[in-house]
Amino acid sequence: MSAGRHRMRSGFHGAAAAAAVGVLIVTAGGWVGYRQLAGQDCSGKIELSVAVATELAPAVDEAATEWEAKGAAVDGTCIDVTVAASDAVEVAAVVAAKHGASLAGVGQASGTAVSPDVWIPDSSTWLLRLQTGGAAAFDPGNGASIASSPVVVAMPEPIATRLGWPQKELGWTQLLARVNSDRPLKTGIVEPTRDAAGLSGLLSLMTAAAASGGATAEQDRIGALRALASGASALRQDLLAKFPTASDNTTLASALGAAALSEEDVIQYNAKKPPVPLAALYLKPAPLPLDYPYAVLPGIEPTKAAAARVLFEVLTTPSFKDKLATQALRGPDGNWGNGFNPPQGAPSPASGDASAAPPAKGGIAAGGLAPDAVERAVSSWSIATLSGRMLAIIDVSGSMKKPVPTADGATRQQVTAEAARRGLNLFDDSWSIGLWEFSTNLVGSRDYREVVPIGPLSRQRGALLRGLDSISSTSGDTGLYDTLLAAYRDVQQNWEPGKVNSIVLFTDGKNEDANGISQKDLLAELKKLRDPDQPVQVIIIGIGNEVSKSELESIATGAGGNAFIAEDPTGIGDIFLRAIALRKAPA
């Protein structure tokens, strides 16, 4: 956790009740463990570090302190719990680095950050992103929910009233229409790559755009991304500061009009008695709520794992729900404890409206959220909000004529061009993009051909789309090495400061140019060319199951980049988006 972050410490309290020992089968999350209240004779100490979402930390700390005061132990060993209020994005960076994962928009872990034994972030989407981001062996315990808070659209009450709140039920489709209208509602968001409520809101808007169907679906999706990006904030407090401080029409028109936040955010904001309170709009269909999963991180000592399991029991007792209520949070089933003051119009599962309830076990699978949906939303956001300079290179060798069974018979060439075309739609006019094609002997003995030179999209978007339409497979082989070396030299020669300068190469084969440079010589040349002051990031996307993964990874690493394999060519689009989103911004 970063320096200066608020920390809470629950130390072991020596006074203890008489020993009371019992064996318990823990049903939540499938754990089998021991519950034991220690007496005066408990020996030793198990130090358990718990990183908790900031808004939840006081409730967890209070419960842990009470538990210790009663005598907390496992197998006669005392338990000492340290609770740290932590931003989820910071812990995610630490865990990602430890498990070899890459998360778009998260950045590097700080030098002082330490991985905890137990992590309770605000959303299971963090766990899902780690697993899909490359941490294949990452297994966060049971991940069962210990609290929840619905994600709402926060809106100044005067604006919400004009839309019919609280009597009228609103949906994401109506909000999407307002965002993309001629007189759009001024929207904002906390960076969804770094904030779970922002990601939940983004997912709901993207789903609404996709559900609209027809020719405007893609335009609606990109329009919503652009609108949200224009009002994005890196920190939640910065976003909240954009809401109006007066109710006159001029102030309302210039201030923030809507943002995806948690119910807890709205309650806490209104508790400060602002000049213009916020309405919490519970739009349908209900977005993914914050579900506060209890994740025991892999690799901790068995004694700590046992202590963590018993602490989970403490945090799922009926009395803990009342502690949650004082922090404006609900229980994991969506109901609330004593002292909870819900916003006007807040649904309650107890009243028969289960729209606010989180997944039954706090897990992603129970919530019905597909991992690729999260990855696609995060990647799309990263591309739509970043600027770059990129050369796209597409293989046009004979093997690219091969039909793709999962794409209704479209060829690899057609599937690749369509993926590039869809990706191009996400890039705004601040990007500079060029297009090459390659095989063998395309221009005399040269293996590559420039279709469109790298240039600003503001003036050559149409040329690039026409270039993609013109690409067709040849009968040649794959001149991979000569093409990559020439592309690297071209991008580096015209390197542009302040942007990520990159190459994205699509191929379905391995190098087959007998008259070209060898792999050894290619790697040697790339090593000479690499300049830390003018980095060029190379992304190679292998298509189908005939590529040499080791070959692509070797040359991508040698060029300072990454290789990705789409065994099913229909997955090229998602891999392309993810690869672009994971590029590192210039220092």
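The second largest pocket has a volume of about 840 Å³, a volume being the space filled by probe spheres set on grid points that are joined across faces, edges and corners. A pocket is here an open set of points on a 1 Å grid over the protein atoms alone where a 1.4 Å probe fits, with protein on both sides within 12 Å along at least five of seven lines; lining residues have an atom within 4 Å of a point. The model is predicted, with pLDDT of at least 70 needed for local features and 80 or more for side-chain atom pairs, while totals for chains, interfaces and linings use all residues. Residues are numbered from 1 along each chain as its sequence is written, and side-chain values use heavy atoms, with hydrogens and water left out.

The lining of the second largest pocket comprises 31 residues, and Glu55, Asp87, Arg236, Gln237 and Asp265 lie nearest the centre. At least two lining residues come from each of helices H2 (88-99), H8 (236-240) and H10 (263-271), helices being DSSP runs (H or I, at least four residues) numbered from the N terminus. The greatest contribution, four residues, is that of H10. By class, the lining holds 15 nonpolar, six polar and 10 charged residues (Ala, Val, Leu, Ile, Met, Phe, Trp, Tyr, Cys and Pro count as nonpolar, Asp, Glu, Lys and Arg as charged, and the others, Gly among them, as polar).

Helix packing was examined with axes fitted to C-alpha atoms over the stretch in contact, angles running from 0 to 180 degrees between N-to-C directions. Helices H15 (residues 412-426) and H16 (residues 457-470) pack at about 165°, their axes 10 Å apart. H15 is therefore roughly antiparallel to H16 (over 145 degrees; under 35 is roughly parallel, 65 to 115 roughly perpendicular and the rest oblique). In this contact (heavy atoms within 4.5 Å), Ala417, Ala420, Arg421, Leu424 and Asn425 of H15 meet Leu457, Arg461, Leu464, Leu465, Leu468 and Asp469 of H16. These residues divide into seven nonpolar, one polar and three charged.

Helices H1 (residues 57-70) and H11 (residues 302-314) pack at an angle of about 110°, with axes 10 Å apart, and are therefore roughly perpendicular to each other. Ala63, Ala64 and Trp67 in H1 meet Ala307, Val310, Leu311 and Val314 in H11; the contact comprises seven nonpolar residues, no polar and no charged.

The axes of H14 (residues 371-385) and H20 (residues 572-581) come within 8 Å and cross at roughly 50°, which means that H14 is oblique to H20.
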